[in-house]
Amino acid sequence: MHASTTLFQLFLFIRLALAGLPGLPGKIYGVNLGSWLVLESWMLPQEWLDMGGEQCSDCSSCIATEFAFAKAYPHTVDEIFAKHWSSWFNQADVDALVDAGINTVRIPLGYWIVEQLVDRKAEFYPRGGLAQLRRGLKQLQKAGIVAILDHHALPGVQTPNQMFTGRCTSDVQFYAVNEPIMDATQTPGYGDFQENFVRVVRATEFLLGVPAPGFPFVLPAPADGNFTAMLGNVKPSALFTPEVISVLLDAAPILLEMGVFGLFMDINWQFNNPANPADAAIGPQGYDNHLYYVSLISRFGGVADPNPTAYLTSICRNSPLWFGGKPSPRRVQIHNAAHPHAEWGLPVQFTATDQFLRQWADAQKLAYSKGAGWIFWNFKVEKSALAGNLSREWSYLEGVRLGYLTKDPSQVHDPNVCAPFAITTLTPAQISAFRPYSFYAAAAYCSPDSTSAWNCGTNCEGANPAFQPIASGGDGDAVQFWYVGVDESLGTIIVAHQGTDTREILSLVTDANFFLASLQFLPNLFPGLSASIEVHSGFLHEHFKTATQILDAVLAGLDQFDVHKVTLVGHSLGGALALLDSVFLPLHLPKVAFQTIVYGMPRVGNQAFADYASIGNTVTHINNKEDFVPILPGRSLGFRHPTGEIHIQDSGDWDSCPGQDNTNGLCTTGDVSLLNGRERDHDGPYDGVLMDC
């Protein structure tokens with residue numbers, strides 16, 4: 001590879017490129033112009049064969065790349081590629097992108113587009129690409145579409161015998177060994193490379209007078225146009241290190257991203273002990289962490305298991321996946337980047353339905369739109385018998401035509417597509433915050449004599465010594481135990497209901513005599529509610545037995561103590577009674593704040609009840625591992641849980657499951673059945689607390 005191109009020649013290239021570019025849009029809706037100036041034959045297999053290329057399983061054994069093609073056809077390669085460049089991307093494609101609402105394109109380039117960089121004795125590539133780039137930039141500029149130049153293919157290759165960057169070779173010279181695992185130990189020295197690369201870019205801009213936003217070291221261009229002469233007068237510094245000066249004198253590097261900002265893989269790909277993108281923060285740049293759900297390299301898997309739930313869980317839980325900007329020392333500033341954007345597509349590693357591809361498109365759009373926008377993997381893919389159904393998942397324009405992608409790129413089909421999948425794992429501190437209430441729920445299994453004296457041992461004075469009892473009741477037979485008191489250290493009145501053992505709760509929820517009863521049947525307890533709000537008649541009967549006594553005790557506590565909050569707790573049947581309290585008590589105490597924390601609770605009412613109980617997001621129902629009580633009564637009978645589930649995994653993780661009856665495999669409804677349920681999980685432990693006196 002020659003290294004004799006002058007800075008002046010590079011400046012001409014930059015000016016030609018920049019002349020066709022307005023500023024970046026406020027929100028990027030973009031596509032790659034893949035296989036245009038860097039050809040990847042898998043995107044256009046029939047055209048590649050028609051051009052004279054070949055297909056083979058080992059790219060080193062046939063004409064599978066631009067390099068091999070130019071070597072095989074030295075006298076006709078330029079003419080053949082000129083026809084490809086003119087037909088693969090032209091004015092018709094620009095018009096189609098405008099019609100689809102696209103405002104940005106990313107153009108992958110090979111280093112050989114600057115022909116002075118190519119050693120024609122040892123390197124073989126088609127010539128004339130720069131003229132095609134100028135033509136395309138003018139067409140894009142006229143259409144109001146911004147172009148980002150992607151320095152995509154450098155000398156060598158990113159993975160041995162990979163054919164996607166112009167040449168099939170075992171000579172690895174740039175980083176991609178990390179896809180898709182993002183293991184920083186696999187890229188030693190990458191952080192140093194970033195620092196040096198940014199120094200070269202900033203130094204080149206400095207010499208050429210190209211402004212870099214937020215970077216002050218810019219000189220005006222010399223009147224005589226002799227840029228290289230300036231370099232001899234530059235003294236070594238933090239920016240112009242001896243190595244940078246040597247590189248600038250030896251070669252003119254192609255500026256990544258138009259010479260305005262650099263874009264790198266993020267901290268997960270770096271290995272600088274510790275990795276830190278802030279070290280390379282010399283002017284504006286971006287950081288990229290796109291995920292490979294599908295890899296065309298057989299030894300790579302994907303970042304999610306090959307099924308719809310795993311894919312949606314991954315994208316909804318891990319967004320946004322690209323970030324950038326100027327990190328503060330030792331810390332990456334996520335969301336505050338100057339140019340964070342995402343690159344994505346619809347490919348999957350399983351047979352996807354049309355419905356899933358719409359969901360997959362929506363979920364990725366929502367995730368990546370949290371930043372500056374997104375760029376879809378490719379604008380089009382060949383439609384031919386040889387290409388098969390490839391365009392269905394890889395082509396943006398085909399995705400719009402098939403209805404997977406909305407015609408307006410800023411819109412989605414379903415803005416709530418991630419609701420069932422945006423599951424978060426609680427921190428140890430968040431889990432510990434539930435312990436006082438877990439003990440209060442367990443103490444409800446103790447007799448009224450014990451709770452009224454608050455002397456039941458570990459679950460009472462041992463766990464919550466500040467508690468002051470107000471009233472207790474029930475006989476543990478015809479009427480469940482209950483108690484009311486105040487914990488001023490938590491600033492709340494506690495209302496606790498006894499549960500029952502698994503056999504009794506199963507008998508109750510499966511009793512053929514139960515029915516869904518409207519809360520309007522008890523207008524004195526539930527005044528003003530819609531007749532559509534219905535609950536399990538057995539639970540309503542149990543609640544009726546103690547409702548007024550509990551209301552009186554809560555009123556007494558509010559009068560006696562300076563607290564303005566009531567917390568309702570219970571386990572199993574006690575959880576169902578506490579949930580009914582969460583509807584009943586606020587109707588009579590409208591100025592009091594309420595929260596409900598229950599454990600192993602069965603479904604209590606219908607959809608209207610679940611919706612009403614979900615108002616304000618004040619309910620938390622915690623389910624332990626494979627406990628099957630929470631999946632009863634069945635949804636087929638019209639029962640629904642309110643929002644607020646936390647599911648304790650076998651691993652011990654506590655996962656917050658958004659929505660009602662979330663069917664994700666990390667949540668109870670999606671994970672537990674009567675076939676795999678475990679009775680022993682019903683009583684806990686809940687962070688070490690067993691539901692028993």
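This is a predicted model: local features need pLDDT of at least 70, side-chain atom pairs count only at pLDDT 80 or more; totals for chains, interfaces and linings use all residues.
Figure 1. The side chain of Ser-438 is joined to that of Tyr-599 by a polar contact of 2.8 Å. When residues up to four places away in sequence are not counted, Ser-438 touches Tyr-599 and also Tyr-686, Val-689 and Met-691.

**Figure 2. Helix α5 and its buried face.** Within helix α5, which covers residues 91–99, the buried residues are Asp-93, Val-94 and Leu-97. Seen down the helix axis, these buried residues of α5 fall within an arc of 105°, and they therefore line one face of the helix. In general, an α-helix has 3.6 residues a turn, so that residues three or four places apart point the same way. Exposed residues Ala-92 and Asp-99 are carried on the face of α5 that is turned away from the buried side. The elements against which the buried residues of α5 pack are the strands β1 (28–32) and β2 (104–110), together with the helices α4 (77–88), α6 (129–143) and α13 (396–402). At the start of α5, Asn-90 brings a side-chain oxygen to within 3.1 Å of the backbone nitrogen of Ala-92, while Gly-101, which has a positive phi near 85°, follows the helix.

**Figure 3. The largest cavity and its lining.** Three cavities of 30 Å³ or more are counted in the model, and the view shows the largest, which has a volume of about 60 Å³. The lining of this largest cavity is made up of Leu-37, Glu-66, Trp-85, Leu-109, Gly-110, Trp-112, Ile-113, Pro-126 and Gly-129. By residue class, the lining of the largest cavity divides into six nonpolar residues, two polar residues and one charged residue.

**Figure 4. Asn-606 and the contacts of its side chain.** Asn-606 is found in the loop that lies between strand β16 (593–599) and helix α22 (607–614). With a relative accessible area of 10%, Asn-606 is buried. A polar atom of the Asn-606 side chain lies 2.8 Å from the backbone oxygen of Ser-532, and the side chain of Asn-606 also reaches the backbone nitrogen of Phe-609, at 2.9 Å. With neighbours within four places in sequence left aside, Asn-606 is in contact with Leu-516, with Ser-532, Ile-533 and Glu-534, and with Gly-638, Phe-639 and Arg-640.

Figure 5. Ser-450 is found in helix α16 and is buried, with a relative accessible area of 19%, a value that is under the 20% cut-off for buried residues. Not counting residues up to four places away in sequence, Ser-450 touches Asn-455 and Cys-456. The C-alpha atoms of Ser-450 and Cys-460, residues that are 10 apart along the chain, are separated by 8.7 Å. Trp-454 has its place in the loop between α16 (448–453) and α17 (458–462), where this residue, which is not a glycine, has a positive phi near 50°. Trp-454 is also buried, with a relative accessible area of 7%.

Figure 6. Most residues other than glycine have a negative phi, and most peptide bonds are trans. Ser-35, a residue other than glycine, has a positive phi near 65°; its place is in the loop between β1 and α2 (45–51), and at 1% relative accessibility Ser-35 counts as buried. Leu-632 and Pro-633 are joined by a cis peptide bond, for which omega is about -15°, and Pro-633 has its place in the loop between strands β17 (619–624) and β18 (645–648). The peptide bond from Gly-684 to Pro-685 is likewise cis, with omega near 10°, and Pro-685 has its place in the segment after helix α23 (668–671).

**Figure 7. The protein chain as the setting of the close-up views.** The protein chain has 23 helices and 19 strands, and 56% of its 693 residues count as buried. Among the contacts in the protein chain with a separation of 6 or more, 69% are accounted for by residues 24 or more positions apart.

Notes: Residues are numbered from 1 along each chain as its sequence is written. Side-chain values use heavy atoms; hydrogens and water are left out. A polar contact is a pair of N or O atoms within 3.5 Å; within protein, one must be able to donate a hydrogen and the other to accept it, and residues adjacent in sequence count only if both atoms are side-chain atoms. Contact means heavy atoms within 4.5 Å. On a 1 Å grid over the protein atoms alone, a cavity is a set of points where a 1.4 Å probe fits but cannot get out, and a pocket is an open set with protein on both sides within 12 Å along at least five of seven lines; lining residues have an atom within 4 Å of a point. Grid points are joined across faces, edges and corners, and a volume is the space filled by probe spheres set on the points. Ala, Val, Leu, Ile, Met, Phe, Trp, Tyr, Cys and Pro count as nonpolar, Asp, Glu, Lys and Arg as charged, and the others, Gly among them, as polar. Buried means under 20% relative accessible area, exposed over 50%, partly exposed in between (1.4 Å probe, protein chains only). Helices (H or I, at least four residues) and strands (E, at least two) are DSSP runs, numbered from the N terminus. The arc is that of the directions from the helix axis to the C-beta atoms.
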